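This briefing sets out the arrangement of a sheet, its helices and selected residues. Please read it alongside the sequence and the coordinates.

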Amino acid sequence: MSDLQLSLVVIGLLVIGGVYALNVVQERRFRRRIGEAFDDRREDALLKGAPEPDARLEPQIATAPRIQPGPVGGGGEREDIATSGTSPGPLEFDSLIDYVARIDGAAPIAERAVDELIARTTACGKPYRIAGFNPQSGEWEDLSRAGRSGHTKLQVAMQLVNRSGLVTPAQLSMFCDAVRHCAEQSSAVASCPETQAALNAARELDGFCAEVDVAIGANVVAGEGSAFAGARIRALAEGMGFRLESDGVFRFRDAQRQTLFTLDNNEPAPFLPEQTKTLTTRGVTLLLDVPRVPDGLKVLDRMFETGAQLAQALEGSLVDDNRAALNAAGIARIRQQVAGIYDKMEARGIGAGSVRALRLFS
C-alpha cells in the first residue's frame with residue numbers, strides 16, 4: 001500500500017470517527033433536552049406530597065394499580081391491588097422495576113443505623129425508597145417523611161432502570177452491603193433477593209425501554225431570509241394554552257398539570273421571559289415525549305394541529321426534523337408508529353403516562 005493510499009485510509013477512519021462522535025453528542029443533547037422539558041422537577045412519581053398551586057402534578061397514584069410493600073426482588077411477580085376509595089399507603093413498591101430488600105428486627109432499629117443506611121444507599125447513585133413498619137400503628141411509613149425511630153422492620157427498594165441506565169452489579173452490591181450493615185448494627189436480619197436474577201431482569205427491561213423511548217418532534221420554520229419575532233411567538237403560544245416557564249420552554253399541560261407537549265426554540269437561545277421581546281428565531285420545535293404522555297394519540301393529533309395553526313399564523317412551514325413538509329400522509333405514518341409503541345407498552349404492563357412509565361422514563 002502506497003503512502004497516499006495509507007493516508008486516505010487514515011483520513012477516512014478519522015472522518016467516520018468524527019461522524020460517530022458527533023452523533024453521540026447530538027443524541028446526548030437531545031436526551032437532555034427531553035429530560036429538561038418533560039421531567040424538570042425529576043421527583044419520584046410515587047413520592048409526592050400535596051402539590052403546590054403552581055407545582056407540577058403527575059397522574060395521581062390513586063388512579064393506577066399499586067403494589068403494596070412485600071418481600072419481592074427485581075424479577076418477582078407483580079401483585080396488582082384494585083384501587084379502593086380508602087387512602088393509599090404512604091409507599092408502594094413495583095416488583096417490575098424495584099429490587100426490594102428487607103430488614104426484620106425484634107426491637108426498634110436504631111435511628112443512627114437508618115440514617116447511615118440512607119446515606120449509603122444514596123451513594124449508590126440510583127433512585128431508592130425506604131419504608132419502615134411502625135408496630136404501634138401497625139402501618140408502614142415512608143421514612144423520607146416520617147421519623148426514623150421506632151420501626152422494627154424496613155423495606156428498601158432500589159430502582160433497577162430509568163433513563164440514566166440500568167443498575168450495575170457494583171451499585172447493587174453496594175446497596176446490599178448497606179442493607180446488611182444496617183441489620184448488623186441493630187441485631188436484625190437482612191434479606192436480599194438473588195442479585196443476578198435482578199440484573200438479568202434489569203438488562204432485559206432496559207432493552208425494552210430503549211425500543212419505545214421515542215420523542216416526536218415537529219418544527220415550524222420561517223421562509224428563506226425571514227425570522228419569527230419572540231414576542232409574536234409568545235402571544236400566539238399563550239393564546240393557544242401554552243405557559244412560558246422559567247427555563248425558557250413553553251409547556252402545554254392538561255387539567256392535572258401534566259406536560260402533554262412543549263414548544264421550544266429551534267435555536268440555542270431559550271425563550272426567557274425577559275428576552276422574548278428582543279429575541280428572533282428561524283424556527284420553533286413542538287415535542288411530545290411518547291412514553292410519558294397518557295392518551296398519546298389524541299395528544300399527538302393536538303400537537304400537529306397546534307403546529308399547523310402556528311405555521312399559518314407565523315406564515316411559516318410545518319416540517320419534520322429533515323425539513324420535509326409534514327402533510328397528512330406523513331402524519332398518518334407517524335401516528336401509526338406511535339400507536340404501535342403504545343400497543344407494545346400496554347402489552348408489557350407499562351401504560352404510557354402511568355406511574356410505572358413516569359418512573360422508568362425519568
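A residue is called buried under 20% relative accessible area, exposed over 50%, and partly exposed in between, with a 1.4 Å probe and protein chains only. Six of the seven residues of strand 4 are buried, so this strand is largely enclosed by the rest of the structure. The model is predicted: local features need pLDDT of at least 70, side-chain atom pairs count only at pLDDT 80 or more, and totals for chains, interfaces and linings use all residues. Residues are numbered from 1 along each chain as its sequence is written, and side-chain values use heavy atoms, with hydrogens and water left out.

**The sheet**

- Helices (H or I, at least four residues) and strands (E, at least two) are DSSP runs, numbered from the N terminus; two strands pair if DSSP finds at least two bridges between them.
- An open sheet is formed by five strands in the order 3-2-4-1-7, with antiparallel pairing.
- Strand 3 (139-142) and strand 7 (189-191) lie at the edges with a single partner strand each, so one side of each has no neighbour in the sheet.
- From one strand to the next, the twist averages 20°.

**Strand pairing**

- Strand 1 and strand 4 run antiparallel and are joined by seven bridges; Tyr99 has Met158 in strand 4 as its bridge partner.
- Strand 2 and strand 4 are also antiparallel, with six bridges between them.
- Strand 2 (residues 128-134) pairs with strand 3 in the antiparallel sense over four bridges.
- Phe133 stands opposite Trp140 in strand 3 and opposite Lys153 in strand 4.

**Helices on the sheet**

- Contact means heavy atoms within 4.5 Å; axes are lines fitted to C-alpha atoms, for helices over the stretch in contact, and angles run from 0 to 180 degrees between N-to-C directions.
- Helix 2 (residues 111-122) packs on the sheet and touches strand 1 (98-104), strand 2 and strand 4 (153-159). The direction of helix 2 makes about 165° with that of strand 2.
- Helix 3 (residues 169-185) packs on the sheet as well, touching strand 1, strand 4 and strand 7. The direction of helix 3 makes about 15° with that of strand 1.

**Helix 2 against helix 3**

- The axes of helix 2 and helix 3 come within 9 Å and cross at roughly 170°.
- That crossing makes helix 2 roughly antiparallel to helix 3 (angles under 35 degrees count as roughly parallel, over 145 as roughly antiparallel, 65 to 115 as roughly perpendicular and the rest as oblique).
- On the helix 2 side, the contact residues are Ala113, Val114, Glu116, Leu117, Arg120 and Thr121; they meet Phe175, Asp177, Ala178, Val179, His181, Cys182 and Gln185 in helix 3.
- The residues of this contact divide into seven nonpolar, three polar and three charged. Ala, Val, Leu, Ile, Met, Phe, Trp, Tyr, Cys and Pro count as nonpolar, Asp, Glu, Lys and Arg as charged, and the others, Gly among them, as polar.

**Cysteines**

- A search of the whole structure finds zero disulfides, a disulfide being a pair of cysteine sulfur atoms within 2.5 Å.
- Cys192 is in no disulfide, and its nearest cysteine sulfur, that of Cys176, is 3.8 Å away.
- Cys192 counts as partly exposed at 21% relative accessibility, whereas Cys182 counts as buried at 1%.

**Gly165**

- Gly165 is placed in strand 6 (residues 165-166) and counts as buried at 18% relative accessibility.
- Not counting residues up to four places away in sequence, Gly165 touches Lys126, Leu160 and Asp206.
- Gly165 and Cys209 are 44 residues apart in sequence and 10.0 Å apart in space, C-alpha to C-alpha.
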